[in-house]
Amino acid sequence: MNVNFSVYRYNPDVDKAPYMQDLSLDVPEGSDMMVLDALIQLKEKDASLSFRRSCREGVCGSDGLNINGKNGLACITPLSDLLSKGKIIIRPLPGLPVVRDLVIDMTQFYTQYEKIKPFLITDDRKPPAGEFKQSPEEREKLDGLYECILCACCSTSCPSFWWNPEKFIGPAGLLAAYRFLIDSRDSATEERLSNLDDAFSVFRCHGIMNCVSVCPKGLNPTKAIGKIKSMLLQRAI
Amino acid sequence: MVKVAGTFGRSGVHDYILLRASALILLAYTLYLVGFIAGTDITYATWTGFFSLTTTKVFTLFALIAMLVHAWIGLWQVLTDYVKCTKLRGALQFLLTSVAFIYVLSGFVILWGV
């Protein structure tokens, strides 16, 4: 079975502008593979094709791509899910600068992540030398928040992040922000909320839920953002 | 924290509350107007009578002020999303917010005469 691909190509050293390159791959009838496997086989034909990948099992978050118009991880997206639409269109994650082909510069994404201080702050008490215990109920609050692998599929599918990537934290950063806001061991809740209480950081989210629709780990950043908004409101009213 | 001077509210939360509060007022006013239009034969006399009621006058002005707040914040949000040139954004915001102000003042003058 011949599978056709249209792949975004751009080498800034050579190309004046990005272009879509048509490629094809022979996939044995009755078999299936992930988009990442197909890309690796395409790279064997043309070694200049560039993309990021590492764990190849949906854990590291390196191979976030825009596949047939929807962001997702190439390593856990089967070709069989995409064949009904004919040609498979593969582009880099939208909104961030392209370094080369499918590789994007994620600096803006990480800058926003850094802003929310993604680590425990325990200013008013020393963390114990051994385990820092939580009750099962307290620990349960972190479920659905800590699993984020920072693949950037959500933030790069969010129009608010496209328009204001230097001011809006974005769904990935805000999911992590709520993960620390709700952590019973963290003592900087007030300081964290103060840093989010402007017109852009949180409130540029208008709840269109693109982030929820694309998250490869099935997480719900919109819900976490709603919780942050509630915390900010409770503090203000 | 991102500091902004172009919007109406003092913070993100303030904007958020004002947008929703003003939207509720506009919804209530719309229902009030629709209720009148649906339940009455519209003639010059009934229309003038309706707008000479103190309730209608106060409610109309209240809704116009809510419109000003709602438009100020909403348009600032849209402009900061889509217009990246600061000079152009500033000019557009000045123009559009001025129009909203003019609506409020016009409403005041018009209601004064009914």
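Modeller: Let us begin with residues 17-38 of chain B, a span that is 100% helix and 0% strand, with its end C-alpha atoms 31 Å apart. Helices (H or I, at least four residues) and strands (E, at least two) are DSSP runs, numbered from the N terminus. This is a predicted model, in which local features need pLDDT of at least 70 and side-chain atom pairs count only at pLDDT 80 or more, while totals for chains, interfaces and linings use all residues. Residues are numbered from 1 along each chain as its sequence is written, and chains are lettered from A and ligands numbered from 1 in the order in which they are written.

Biologist: Which residues of chain B does the UniProt annotation "transmembrane region" cover?

Modeller: The unreviewed UniProt entry places that annotation on residues 17-38, 58-79 and 91-112 of chain B. UniProt positions are given in the numbering used here, feature names are shortened, and annotations may be inferred rather than shown by experiment. In the model, residues 58-79 of chain B are likewise 100% helix and 0% strand, and their end C-alpha atoms are 31 Å apart.

Biologist: How many helices and strands does chain B have?

Modeller: Chain B has 4 helices and 0 strands. Its radius of gyration, taken over C-alpha atoms, is 17 Å, well over the 13 Å that the globule rule (2.2 Å times the number of residues to the power 0.38) gives for 114 residues, so chain B is more spread out than a compact globule. Along its principal axes, the C-alpha trace of chain B spans about 50 × 25 × 20 Å.

Biologist: How does one describe two helices that pack together?

Modeller: Two packed helices are described by the angle between their axes and the distance between the axes. In chain B, the axes of helix α3 (residues 54-82) and helix α4 (residues 86-113) come within 10 Å and cross at roughly 175 degrees. This makes α3(B) roughly antiparallel to α4(B). Axes are lines fitted to C-alpha atoms, for helices over the stretch in contact, and angles run from 0 to 180 degrees between N-to-C directions; angles under 35 degrees count as roughly parallel, over 145 as roughly antiparallel, 65 to 115 as roughly perpendicular and the rest as oblique. The residues of the contact of α3(B) with α4(B) comprise 18 nonpolar, 5 polar and 2 charged. Ala, Val, Leu, Ile, Met, Phe, Trp, Tyr, Cys and Pro count as nonpolar, Asp, Glu, Lys and Arg as charged, and the others, Gly among them, as polar.

Biologist: In what order do the strands of the sheet in chain A stand?

Modeller: The order is β2-β1-β5-β3-β4 (chain A), in an open sheet of 5 strands with mixed pairing. Two strands pair if DSSP finds at least two bridges between them. At the edges stand β2 (19-26) and β4 (70-73) of chain A, each with a single partner strand, so one side of each has no neighbour in the sheet. Strand β3(A) runs antiparallel to β4(A), joined by 4 bridges, and Leu65(A) stands opposite Gly72(A) in β4(A).

Biologist: How many residues does each chain bring to the contact between chain A and chain B?

Modeller: Chain A gives 15 residues and chain B gives 12, where two residues are in contact if their C-beta atoms, placed from the backbone, lie within 7 Å. On the side of chain A that touches chain B, helix α8 (residues 221-236) of chain A gives the most, with 4 residues. By class, that side of chain A has 8 nonpolar, 3 polar and 4 charged residues.
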